[in-house]
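The paragraphs below go through one model, starting at the ligand, moving to the overall fold and ending with single residues. Please keep the sequence and the coordinates at hand while reading.

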Amino acid sequence: MKKGFVFDLDGVITDTAKFHYIAWKELADSIGITIDLEFNEQLKGISRMDSLDRILAYGGKENDYTKEQKEEMAADKNANYVKLLEDLTPDDQLPGVKAFLDEAREKKVPCSLASASKNAPFILKKLGVYDYFNAIVDPATLKKGKPDPEIFVRAAELINIDPSEAIGFEDAQAGVEGIKGAGMYAIGVEGHEPLTQADMTIKSFEELNVSELLEL
Ligand code: BG6
Ligand code: MG
């Protein structure tokens, strides 16, 4: 029997990967590194600074900048990203998400958020689903990023359930690995890349209903 749900945000509740891509591409272009959509797949689920490190390594510039310069670059990227988020509305929820959250609320199933994004509360509010979450992990308090299980273990703790009683939702390979590492049941929301290690994969939340999942 399962008792609670742990959600990733980007790529699960809404599709922000396109905005991350636009903002990272602009930053990368400004320092002479060309990234493409295929490379962008590797940034899913990865923290802001780890993403910048991957871009610099991809362009062979991993030793070219000081910590302060990198912090400035990450802040510039984020400022552009947040500008793009301004236009988010409840219409940007991915299909089936709202109905699923409504059913979870009705059945009093606790939900928590395990997103690497420091913009998560802002995005949830823009989408009109902030109140559906009983807890949101603050990624600034974590020692390690995904694929480490830490964020998922914390997300289960915050809703007072054991990871074995939780179902985790993820669109990124690093995230699915984290969910499995935490000892949870993993549902992969598949976009471009196939997700290995997931216990179940779906194209959208429209395929799911809460009661059936609780029986797992
Ligand atoms: C994850 C995204 O949800 O959040 C990553 O998949 C992103 O691409 C990470 O880098 C951190 O997001 P933010 O909003 O804190 O820069
Ligand atoms: Mg994601």
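Which side chain has an N or O atom 2.8 Å from an oxygen atom of ligand 1? The side chain is that of Arg48. Such a pair is a polar contact, meaning two N or O atoms within 3.5 Å; within protein, one must be able to donate a hydrogen and the other to accept it, and residues adjacent in sequence count only if both atoms are side-chain atoms. A backbone N or O atom of Gly45 is 2.7 Å from an oxygen atom of ligand 1, and for a side-chain N or O atom of Ser51 the distance to a ligand oxygen is 3.5 Å. The protein buries 96% of the 390 Å² that ligand 1 exposes when taken alone (accessible areas come from the Shrake-Rupley method with a 1.4 Å probe; for residues, only the protein chains shown count as cover).

This is a predicted model, in which local features need pLDDT of at least 70 and side-chain atom pairs count only at pLDDT 80 or more, while totals for chains, interfaces and linings use all residues. Residues are numbered from 1 along each chain as its sequence is written, chains are lettered from A and ligands numbered from 1 in the order in which they are written, and side-chain values use heavy atoms, with hydrogens and water left out.

Around ligand 1 there are 15 residues, of which Asp10, Ile46, Ser117, Lys118 and Asn119 come nearest; a residue is near if one of its heavy atoms lies within 4 Å. The shell consists of 4 nonpolar, 7 polar and 4 charged residues.

The protein as a whole has 9 helices and 6 strands (DSSP runs numbered from the N terminus: H or I of at least four residues for helices, E of at least two for strands). Its radius of gyration is 17 Å, close to the 17 Å that the globule rule gives for 216 residues, so the protein is as compact as a globular protein of that length. The radius is taken over C-alpha atoms, and the rule is 2.2 Å times the number of residues to the power 0.38. Of the 216 residues, 49% are buried, where buried means under 20% relative accessible area, exposed over 50%, and partly exposed in between (1.4 Å probe, protein chains only).

Helix H4 (residues 67–85) holds Lys70. With a relative accessible area of 16%, Lys70 is buried. Apart from residues up to four places away in sequence, Lys70 touches Met49, Leu52, Asp53, Leu56 and Tyr65, contact being heavy atoms within 4.5 Å. Leu84 is also in H4, but is partly exposed at 27% relative accessibility. Beyond its neighbours within four places in sequence, Leu84 is in contact with Phe19 and Ile22.

Some backbone geometry deserves a look. Most residues other than glycine have a negative phi, and most peptide bonds are trans. Lys146 and Pro147 are joined by a cis peptide bond with omega about 15°; Pro147 is in the loop between strand S3 (135–136) and helix H7 (150–158). Asn160 has a positive phi, near 55°, and sits in the loop between H7 and strand S4 (166–170). Asn160 is exposed, at 69% relative accessible area. Gln197 has a positive phi of about 80°, lies in the loop between strand S5 (185–189) and strand S6 (200–202), and is partly exposed at 45% relative accessibility.

Conventions
Nonpolar A, V, L, I, M, F, W, Y, C, P; charged D, E, K, R; others polar.
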